[in-house]
Amino acid sequence: MAMTDKSILKAYLELEQPKNTIQLEYIWIDGSGEGLRSKCMTVDSEPLAPSDCKIWNFDGSSTGQSEGKNSDLYLYPQAIFRDPFRGGKNKLVMCEVYDSNKQKVATNHRKSCAEVMDKVKDAHPWFGIEQEYTLHDVDGYPYGWPKNGFPGPQGPYYCGVGTSKVYARDLVEAHYRACLYAGIKICGCNAEVMPSQWEYQVGPCEGISMGDELWVSRYILHRVAEDFGICVSFDPKPMTGHWNGSGAHTNYSTQEMREDGGISHIHRAVEKLSHRHFEHIMAYDPKNGEDNKRRLLGKCETACYSKFSSGVANRGASVRIPRQIEEDGKGYLEDRRPSSNCDPYRVTEMLVRTTILNETTETCKKINGMNGMNGMNGQCH
């Protein structure tokens with residue numbers, strides 16, 4: 001298979017970029033609800049805020065978001081970051097997608113999330129998301145795994161060091177540095193339990209910025225992986241059997257939770273979450289709970305998708321309170337249910353709706369398009 005030599009690009013990127021020419025890479029979520037698309041435009045001045053960027057358009061019929069007879073959709077810039085691939089004053093621009101009537105498309109969950117975050121801004125909700133993913137060869141098999149078999153059982157890979165313990169650390173390091181350059185609040189990374197599985201953490205981010213930063217960090221990860229000829233998978237259960245799946249564990253707190261005596265507010269939030277477990281499960285992956293059925297099996301460090309559970313230091317629970325938080329009497333909770341391919345806008349919005357706005361089940365179902373929860377009452381195998 002023919003492959004390009006990535007080192008050749010370096011000579012062209014080192015060419016002087018003319019003054020008053022800035023490249024803006026517009027990024028958006030496609031019709032799958034988990035895929036990312038992007039395209040570039042040249043402008044004559046450096047944008048310092050999203051409002052400095054033009055509204056643009058694209059062919060939605062090629063991204064699963066419109067029909068060919070009325071294909072034009074609009075990109076509304078919402079957040080900007082430094083471009084780690086082009087450098088200089090060039091930017092990455094995270095956008096919302098709107099249709100020809102200027103209405104948000106089905107996969108634009110950012111708009112409602114931003115509206116909710118504005119309502120609760122005085123509560124100062126903070127989020128930190130632990131993004132797990134796996135690396136694959138172009139044939140779809142996990143990177144570094146024997147082609148005709150499997151690696152040794154899980155055990156030596158988590159936070160592992162050394163050949164045969166970790167795979168593609170150079171890609172992981174490149175992604176980390178690129179996120180720091182871009183201005184993403186990436187705060188850590190580690191090898192995960194399954195070989196070729198990794199995790200990085202973003203946060204704490206307040207309100208809508210959590211979704212913006214996680215989506216752009218995913219975009220950067222895919223772009224970095226291109227340079228290494230490796231594929232990134234956010235599939236929540238890439239390998240069946242006794243192999244860990246991938247989640248996006250979400251750490252969440254309000255100002256009350258972070259202050260002295262905050263543990264009582266944490267326990268109250270957990271209680272509220274327990275009453276709307278199924279609504280959250282359906283909002284926590286792009287397929288309304290179907291992906292989490294494959295991952296949340298009550299084993300491999302997961303809770304059962306059909307039953308809410310909580311506990312201190314319990315990684316087999318739906319919601320975990322870290323032991324140090326219980327001892328300190330304040331801090332945050334960890335919702336372990338979101339899948340690795342979740343939309344962070346939906347996840348953070350649901351947490352706020354349930355724990356701060358105290359919205360009813362029927363309201364949540366209407367907001368998230370939940371017309372029923374058939375199949376959610378099954379048993380884990």
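**Pockets, cavities and a helix pair**

A: The lining of the second largest pocket divides into 5 nonpolar, 7 polar and 10 charged residues. Keep in mind that this is a predicted model.

Q: What volume does the second largest pocket have, and which residues are closest to its centre?

A: The second largest pocket holds about 320 Å³ of space. It is lined by 22 residues, and Glu132, Glu192, His249, Arg315 and Arg336 are the closest to its centre.

Q: Which strands each supply at least two residues of that lining?

A: Strand 6 (126–136) and strand 10 (248–253) do.

Q: And the largest pocket, how much space is in there?

A: About 400 Å³. Of its 14 lining residues, Leu9, Leu13, Phe85, Arg223 and Asp227 lie closest to the centre. Helix 1 (6–13) and helix 4 (209–228) are the elements that give two or more residues to this lining.

Q: How does the lining of the largest pocket divide by class?

A: Into 7 nonpolar, 1 polar and 6 charged residues.

Q: Which element gives the most to the lining of the largest cavity?

A: Strand 5 (residues 91–98), with 4 residues. By class, that makes 5 nonpolar, 2 polar and 2 charged.

Q: What lines the second largest cavity?

A: Its lining residues include Tyr157, Lys165, Tyr167, Glu192 and Trp198. The lining divides into 7 nonpolar, 2 polar and 2 charged residues. Glu192 is also among the residues closest to the centre of the second largest pocket.

Q: Now the helix pair. At what angle do helix 2 and helix 10 pack?

A: Helix 2 (residues 110–119) and helix 10 (residues 344–355) pack at about 35°, and their axes are 9 Å apart. The crossing is left-handed.

Q: Which residues meet there?

A: Arg110, Ser112, Cys113, Val116 and Met117 of helix 2 meet Tyr345, Thr348, Glu349, Val352 and Arg353 of helix 10. The contact divides into 5 nonpolar, 2 polar and 3 charged residues.

Q: Last one, Glu14: buried or exposed?

A: Glu14 is exposed, because its relative accessible area is 54% and the cut-off for exposed is over 50%. Glu14 is in the loop between helix 1 and strand 1 (22–29). Its C-alpha atom is 9.3 Å from that of Arg86, 72 residues apart along the chain.

Conventions:
Residues numbered from 1 in each chain as written. Predicted model: local features only at pLDDT ≥ 70, side-chain atom pairs only at ≥ 80, totals over all residues. Heavy atoms only, no water. 1 Å grid on protein atoms, 1.4 Å probe; cavity = no way out; pocket = protein on both sides within 12 Å on 5 of 7 lines; lining within 4 Å. Points joined across faces, edges and corners; volume = space filled by probe spheres on them. Nonpolar A, V, L, I, M, F, W, Y, C, P; charged D, E, K, R; others polar. Axes fitted to C-alpha atoms, helices over the stretch in contact; angles between N-to-C directions. Left-handed = near helix turned anticlockwise from the far one by under 90°. Contact = heavy atoms within 4.5 Å. Buried < 20%, exposed > 50% of the residue type's maximum accessible area, 1.4 Å probe, protein only.
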